[in-house]
Structure formats: structure tokens, C-alpha cells
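Reader: I am new to this structure. Can you show me how to read it?

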Amino acid sequence: MMWTATLSLYAALRVMSLKGRAIHTLHEYIWSCKRENKQIAEDSVTATKKVQILKKYKGCSKLDWKVWTAHERSIQEADNNREEAVLESGGNPLGELKQCNMLTKQLQESWKKPRVKIIEEKLTFEVTSANVIQDSSSKYVAYTIQVIRLGSFDEDKALIIRRYTDFAKLNEALHKNFREDMGKVVFPKKRIRKNYTHETIAKRSRAFEQYLQHIHSFSDIRRSKIFLEFFYLRDLTVGQRLLQGGTCENAMETLINALHLQQKLCSYDASHLLFTLTSISVCYQEQDQLEEAQAYCERALQTIETQENHPLLVPLLHANIRLSWKVAKDKRQSEARLQQVQETGVDILNQPSLKEHLIKYFLE
């Protein structure tokens, strides 16, 4: 031990007195690795590398090399003795270091990931107004219900106007098809008197909100055709009639509301979505808003891109090609698709227009 300590002291003094830079540079490298708890293996700092460093700088003698080798050996022996002492005491600093490195790596990976908080979107139903309607044959209360998407900024207004008899028909149909789920659903009872008082209307408004919220909580019900058509099928029918009458501005307002309802309710009925998008495109085209018309026409085409024999495919392709040309957009994809349809034997020239298809063949 005395010899090792003396040799280490001599090596340190020798490093400080050397005029050359090679030994000093290697000394800094080795000790920086030691400070960072890195194990210096024989393959990382080989004898070849040491010789290359020593030859790079002149002024280092063979005695310097021997001194440095002895100094390095003494350091290695001290490290080995320290590790044996730690192992005998039951500690494991290398394992702790490994776990620490693993934790640091996990933290770094988590920091690299984008910190986006995912908020689950939910729907709520709110009665915004209730008006007593008196006509020549009947008197009833029209409830205006707004469908609101929670968890995000909802700028797409979606409204329905329904009366008590509409809710009663929905409740009866749901009881027939979903008897088990509807067993605990509370529906407001019909009253013979005082149906039009402010108190009765206010209570029914809250009851209808709770009723819609309750039945929407059942996945089978909210995906059913009965539930979805209660919300938007009436708007589609009204929109088609307005389109037949030539009042495209009113039809477009009704159809856009129906589209918002389908999107919020996550309707999977492709035929209704196709009719809605196509009708909106025709309404925009009638009002010379060609960019909007082309955008909705392209969205309609995407819903039937895999249906080669759909009756609306050719009229939509013709309309999209014409609208794309007018708004200076690329129409080559639609032209190629139309060419493919023609090669299958379909007559692409003698086809009704898009508007004629919507008026005659949908929602009859």
C-alpha cells in the first residue's frame, strides 16, 4: 500500500510538471469519466488510443508512460476495493445508478410527448324556449331544444322544435324496442288541465331535458334509428320540400341544422348524410356560392367513394368537375374516376342532374 500511494503521488506530481499536453489531456478525460460514474473498460480507452495520444504530442518519454500506467493501475485497484466493500455491506450503488438512469430516461421520453389534455365530449340537451301555439285546429306548446356539445368550443348551433305528442311517440317506440333500458326512464305524464300554465311548462321543460339526457346515456338507444330520426329526419323532409319549391335559402338553413345534428349525434346513416351534403351543395350552387358548393360536393363524394353503382355517383362527379373548374381547383381525380365508371359500361352522358335526383328519388 505504501508503494502504491508513493507511486500515485509521484504520478500526480509528474503530470503537473510535464511540459507536454498528452498526459494532462488523458488525465482530464479519465477523471471526467470517473466523476460521471462511467466505468472505463479496456475497450473504451485501449492501449492503442493511449499510444496515439502520446505520439501526437512530443516531449513524452518512456518513463512518463510507465508512471502513468502505474498511476492508472492504482486508481483501478482503489475502485475495485471500494466496490467490494459496498457489496459486502449489502449496498448496490450500481443498481441504484441504473434505476436512476432508467427514471431519467422515462422522464425525458414523457417530456418529449406533446402535452395535450384529451377532454371527453358529451352532449347535453337544453330547452331554450317554450311557446304556446294556437292555430285553427289545435293548441299546443312548442319546445325548442338545443343540442350542445360539452368539452369543446361548440359554435355549430343545432336546434329542434318538438311538442309533447312528438316526445310521447318517441317514448312509445323506444319502450317497444328497448324495454329493459327504458324500464327506469321517467317520462312526464300527460295532464288534462292546466297544460299551458307557466309552472306546468317549466316543469315539463326540465323533465324533457332529463328525459333526453337519460335515454342518450344508453349506447344502443342513442345509435338507434328511432332516436336519430326523432332529431333530424323532420329537417331533411322539410329541406327537400323547400328545395322542390325553389326556396334554396330556407332549405339550406334547415339542412345545415340537420347536418350539425347528425354530426353531434354521431349518426352512422350514410344515406342521410349523403342526402344532406348533396342538398347543401345544390343550395349553394343555386345561390352562386361556388366554393362552398364544391366543398360540400367533394365531401358527398367521399361518402360513396367505394360504391361504384350508386345512382348519385355520376351526377356528383359531373357537378364536382364543373365546380372545380369554375373555382380553379384540380379536377383530374374526378375526371379519372368518371372515366373508370364509363369503362365499366355505365352511360355517363344520359343522367339526371344532381338536383333532379334529390327531388325525385330521396326521402319519398
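Reader: What percentage of the 364 residues of the protein count as buried?

Author: This is a predicted model. In the protein, 36% of the 364 residues count as buried.

Reader: Which secondary structure elements does the protein have?

Author: There are 15 helices and three strands. Take contacts with a separation of 6 or more: residues 24 or more positions apart account for 61% of them.

Reader: How do I read a nonpolar core? Which residues of the largest one touch the most other members?

Author: In soluble globular proteins, nonpolar side chains tend to be buried together. Here the largest nonpolar core has 65 residues, and Y211, L212, I215, F231 and L316 touch the most other members. Helix α10 (residues 248-265) gives this core its largest share, nine residues.

Reader: Which residues does L212 touch, leaving aside those up to four places away in sequence?

Author: L212 touches F125, I145, F167, F230 and F231.

Reader: How do I read two packed helices?

Author: Use the angle between their axes and the distance between the axes. The crossing of α10 past α11 is left-handed.

Reader: Which residues meet where α10 contacts α11?

Author: From α10 come C248, A251, M252, L255, I256, L259 and Q262. In α11 they meet H272, L273, F275, T276, L277, S279, I280, C283, Y284 and E286. By class, this contact has twelve nonpolar, four polar and one charged residues.

Definitions and conventions. Residues are numbered from 1 along each chain as its sequence is written. This is a predicted model: local features need pLDDT of at least 70, side-chain atom pairs count only at pLDDT 80 or more; totals for chains, interfaces and linings use all residues. Side-chain values use heavy atoms; hydrogens and water are left out. A nonpolar core is a set of buried Ala, Val, Leu, Ile, Met, Phe, Trp, Tyr and Cys residues joined through side-chain atoms within 4.5 Å. Buried means under 20% relative accessible area, exposed over 50%, partly exposed in between (1.4 Å probe, protein chains only). Helices (H or I, at least four residues) and strands (E, at least two) are DSSP runs, numbered from the N terminus. Contact means heavy atoms within 4.5 Å. A crossing is left-handed if the near helix is turned anticlockwise from the far one by less than a right angle, and right-handed if clockwise. Ala, Val, Leu, Ile, Met, Phe, Trp, Tyr, Cys and Pro count as nonpolar, Asp, Glu, Lys and Arg as charged, and the others, Gly among them, as polar.
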